[in-house]
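Q: Please take a close look at one part of this model, the nonpolar surface patch, and then at selected loop residues.

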Amino acid sequence: MNDDNPDLRQTQRLPALDKSAGATAAPPGRGGSGAPSGQDARTPGGPDGSGSADGPGRTGSADTGRACREETDGGGRARRFWAARRVPSALVALVVLGAAGLLLYDVAAVRADRPAMAWRKRLAAELATRHLDDVWVLAGAAAAVALGIWLLVLALTPGLRGVLPMRRTTPDVRGGLDRAAAALVLRDRAMEVPGVQSVRVAVGRRRAKARAVSHFRELDEVRSDLNTALGDGLRQLGLARRPALSVRVRRSAKR
C-alpha cells in the first residue's frame with residue numbers, strides 16, 4: 001500500500017468479524033466483556049453483589065436474584081415427576097370397598113326378610129332426629145370436606161418434591177436428581193474453596209442456598225470464589241430448571 005496517497009492515509013481499519021465464534025471483536029478501548037479498558041469485568045461490586053465491603057467479623061451475602069430458567073437440549077420439556085401415591089390410594093380403596101361391601105350385605109339381608117344391622121338402624125335414627133346445626137353433624141361435614149380437599153390435592157399435584165427433573169437429551173429418556181444428592185455435590189464443591197471452614201447447602205426447586213463459615217481470607221474473596229464454584233456446579237448438574245444461587249459467608253467465631 002502506498003502511504004503517499006492522502007485518501008489511503010485517512011482510512012481506518014474496521015473491527016474484524018469472528019464468524020466461527022458468532023461475535024464481533026470488541027471496539028478499541030473496551031475489554032471483551034464490554035467494560036472499559038483497564039477495568040476487570042469481574043471486579044467486586046458487580047450485579048451479583050459480591051463486592052460489598054464487609055470488614056472482619058461481619059457477614060457477607062450474595063444473591064443473584066435471577067429466577068430459575070428452563071434449559072432444554074432438544075429432548076422436549078422436562079416436567080416434574082408424578083408420585084405413585086400407593087399408600088393413599090390403597091387406604092381409600094380399602095375404606096370404600098369395606099363400606100360398600102358391608103352396606104351391600106346389610107341390604108341383601110333386609111331383602112331376605114332378616115333384621116337390619118344395629119349400626120344402620122342407629123345411623124338412620126340419628127340422621128332423622130339430629131338437626132343440621134348439631135355439633136356432630138358439623139364436625140362430620142368438616143371432616144368430609146377436609147378429606148375431599150386432601151384427595152383433590154393429591155390427585156391434581158405431581159408430588160415428589162425431592163426429585164429435580166434433569167434436562168432431556170432424547171424424548172424417550174427422563175432423568176431426575178435427588179435434592180439431597182445435589183446439595184451434597186455442591187457442598188463438596190464449596191469445601192474445596194480456600195478459606196471455607198464449614199458450609200451448609202440446601203437445594204430447592206427454585207433456589208439453592210449456601211451458608212458458609214470462613215476462618216481466613218477476605219469475605220469478599222471467599223464469596224466470589226463460592227459464587228464461581230457453586231455456579232459451575234449447578235450448571236454441571238444438568239437440571240432442567242437451574243435454581244437461583246444465594247450465597248452467604250460469615251466469619252467464624254473466635255474462641
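A: The account below begins with the patch and continues with the loops.

The model is predicted, so local features need pLDDT of at least 70 and side-chain atom pairs count only at pLDDT 80 or more, while totals for chains, interfaces and linings use all residues. Residues are numbered from 1 along each chain as its sequence is written, and side-chain values use heavy atoms, with hydrogens and water left out.

Leu102, Leu103, Val107, Trp119, Leu123 and Leu127 make a nonpolar surface patch of about 540 Å². Patch residues have over 30% relative accessible area and no salt bridge, and nonpolar side chains (Val, Leu, Ile, Met, Phe, Trp, Tyr) are joined within 5 Å, like charges within 9 Å. A salt bridge is a side-chain nitrogen of Lys or Arg within 4 Å of a carboxyl oxygen of Asp or Glu. Areas come from the Shrake-Rupley method with a 1.4 Å probe, and for residues only the protein chains shown count as cover.

At least two residues of the patch come from each of α2 and α3; helices are DSSP runs of H or I with at least four residues, strands runs of E with at least two, numbered from the N terminus. Leu123 belongs to helix α3 and is partly exposed at 43% relative accessible area; buried means under 20%, exposed over 50%, and partly exposed in between (1.4 Å probe, protein chains only).

The loop between α2 (86-111) and α3 (118-129) contains Asp113, which has a positive phi of about 65° although it is not a glycine. Asp113 is exposed, with 72% relative accessibility.
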